[in-house]
Amino acid sequence: MTFRTRIRDFAAAVIFGILVFSAVVVLCDGHALCASAQEHGNDGAPLVKVTAPADNSTYSWKSLVNYSIVVSYLGKSTQYQEIPSNQVLLKATYVADLSTHAPAAAVATPDGLLDIVRSNCLGCHEFKAKAMGPSFAAIAQRYPDNPAAIDTLSRYIRAGSTGVWGPGSMPPHPEFTEDQLHAIVLWILKEAASPNVNYYVGTEGAIRMEAPVAPAPRAGLILTASYTAVAPDAGPEKAPFGMATVIVRGK
């Protein structure tokens with residue numbers, strides 16, 4: 001091979017590399033160098049990362065702990081607002097003795113809770129704090145877990161109500177199916193008032209180090225971040241789901 005041929009081949013390789021790099025930048029929609037395949041998800045389950053707090057970190061009880069979550073799926077990420085942050089759920093579970101805690105299996109978000117997170121319910125209701133409407137925990141404490149209560153609350157959600165909790169009104173939600181209504185009400189009645197669990201929605205925020213009783217020396221919180229992708233052609237049980245868990249120790 002002559003020197004001139006080598007120079008020509010080298011120049012061709014450089015030009016090809018420049019073209020490939022330019023194509024990658026374009027495909028990344030302006031995000032220079034893009035995220036890696038691992039960071040930006042893949043064709044499997046959504047990739048969920050808790051970037052704060054650090055796993056096995058320690059905080060004082062009653063203090064505020066900032067959290068941050070990144071979700072990637074099918075080349076999209078919450079970092080670039082390509083995945084709605086309000087579809088990311090953080091569950092904080094109090095554990096009295098973390099030394100005996102076994103790693104939790106990946107359990108999909110219950111259908112009723114998933115419907116709540118994806119709807120506009122959280123615009124008027126909080127999980128445990130009073131807002132424009134009663135908290136889900138307060139509803140669970142007021143109504144018994146029986147068929148009559150399930151039918152009543154399902155009717156309130158679908159048709160709306162006035163004067164049930166003071167003078168305020170709740171708008172109707174005709175978009176829910178009967179199965180969705182029952183799943184929402186069942187989750188509220190069975191899970192919303194649990195003293196050991198608090199829920200937060202979004203990729204960033206702050207949780208309070210709370211214990212339902214005087215915390216034991218080895219007590220702490222298990223933080224479980226999860227995301228369920230919208231899959232119109234698949235049932236809820238087959239929707240792509242991802243989760244990540246970190247431990248926060250109390251002191």
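**Pockets of the predicted model**

By class, 13 nonpolar, 5 polar and 2 charged residues form the lining of the second largest pocket. Here Ala, Val, Leu, Ile, Met, Phe, Trp, Tyr, Cys and Pro count as nonpolar, Asp, Glu, Lys and Arg as charged, and the others, Gly among them, as polar. The structure is a predicted model, in which local features need pLDDT of at least 70, side-chain atom pairs count only at pLDDT 80 or more, and totals for chains, interfaces and linings use all residues. Residues are numbered from 1 along each chain as its sequence is written, and side-chain values use heavy atoms, with hydrogens and water left out.

A pocket is an open set of points on a 1 Å grid over the protein atoms alone, where a 1.4 Å probe fits, with protein on both sides within 12 Å along at least five of seven lines; lining residues have an atom within 4 Å of a point. Volume is the space filled by probe spheres set on the points, which are joined across faces, edges and corners.

The second largest pocket has a volume of about 370 Å³. Of its 20 lining residues, K91, T93, V107, A108 and T224 are the closest to its centre. Strand β5 supplies the largest share of this lining, 4 residues.

The largest pocket has a volume of about 580 Å³. Its lining comprises 27 residues, with H125, G133, P134, W165 and M170 nearest its centre. By class, 18 of the lining residues are nonpolar, 8 polar and 1 charged.

Key:
Helix = DSSP H or I, 4+ residues; strand = E, 2+ residues; numbered from the N terminus.
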